[in-house]
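Please read them alongside the coordinates.

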Amino acid sequence: MAEKILLIEDEQKLARFVELELTHEGYAVTKAFDGRMGLEMAEQGGFDLLLLDVMLPGLSGLELLRRLRRTSQVPVIMVTARDAVMDKVTGLDMGADDYITKPFEIEELLARIRVALRKRGGEKQDLPPSLVSGDLVLDAARRRVEYAGQPIELTNREFELLKTLMENKTIVMSREKLLEKAWGYDYMGETNVVDVYVRYLRAKIDDPFGVKHIHTVRGAGYTFRDI
């Protein structure tokens with residue numbers, strides 16, 4: 001059965017070109033030409049992957065992605081004419097799986113699609129369990145976080161950091177270890193970025209509910225504790 005791709009792109013000539021190439025490769029392609037139509041179609045489900053342009057009429061690609069990630073973890077490859085680093089960082093932090101900049105070679109796009117589909121296919125075979133601490137629930141399979149049934153919106157990086165802390169309850173995690181686990185081995189930057197994201201997490205999961213899950217261990221790092 002052909003894998004289904006939703007292409008959300010307002011440049012109709014480009015959309016038609018990509019549709020023809022993907023169809024030739026055996027994919028079933030559905031097109032949307034503005035952000036609101038694309039979001040409605042994406043939320044109906046049934047797609048294996050989204051190709052999402054950043055600059056869209058009606059609703060930007062980034063806003064579409066932010067809303068979609070509330071309910072769906074379908075693979076998303078962002079497509080844009082802009083190549084600014086912050087555009088890429090924003091898209092990836094909001095939950096995009098990959099990013100490609102116009103103009104692109106169709107062979108590169110096809111390779112990125114194959115990688116994204118393989119990655120998500122492997123994740124579906126071994127869905128991770130939910131992590132629970134009192135009223136706080138992190139659903140790793142759906143990438144959702146709730147407190148007492150109330151959804152909490154986290155960026156992709158905040159989610160990975162919280163997941164790492166909850167997976168290592170009561171263990172003191174150094175900043176270096178948190179960077180390794182939540183940012184990846186190839187991260188090149190200052191360890192104080194961990195402090196910044198811990199503040200973001202506390203502002204979202206501790207402060208609003210009058211609880212304290214994330215504790216600072218002076219000179220050592222951070223630890224997550226049940227309350």
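1. The model is predicted: local features need pLDDT of at least 70, side-chain atom pairs count only at pLDDT 80 or more, and totals for chains, interfaces and linings use all residues. Residues are numbered from 1 along each chain as its sequence is written, and side-chain values use heavy atoms, with hydrogens and water left out.

2. Strand β3 (49-53) pairs in the parallel sense with β1 (residues 4-8) over four bridges, and I5 stands opposite L49. Four bridges also join β3 to β4 (residues 76-80), again in parallel, with L51 opposite I77. Strands (E, at least two residues) and helices (H or I, at least four) are DSSP runs, numbered from the N terminus; pairing requires at least two DSSP bridges.

3. Five of the five residues of β3 are buried, so the strand is largely enclosed by the rest of the structure. Buried means under 20% relative accessible area (1.4 Å probe, protein chains only). L49, L51 and D53 point one way, L50 and L52 the other.

4. V54 lies in the loop between β3 and α3 (61-68) and is buried, at 2% relative accessible area.

5. Helices α6 (residues 156-167) and α7 (residues 175-183) pack at about 120°, with axes 9 Å apart; axes are lines fitted to C-alpha atoms over the stretch in contact, and angles run from 0 to 180 degrees between N-to-C directions. R157, E160, L161, T164 and L165 in α6 meet L178, K181, A182 and W183 in α7, contact meaning heavy atoms within 4.5 Å.

Methods: Buried means under 20% relative accessible area, exposed over 50%, partly exposed in between (1.4 Å probe, protein chains only).
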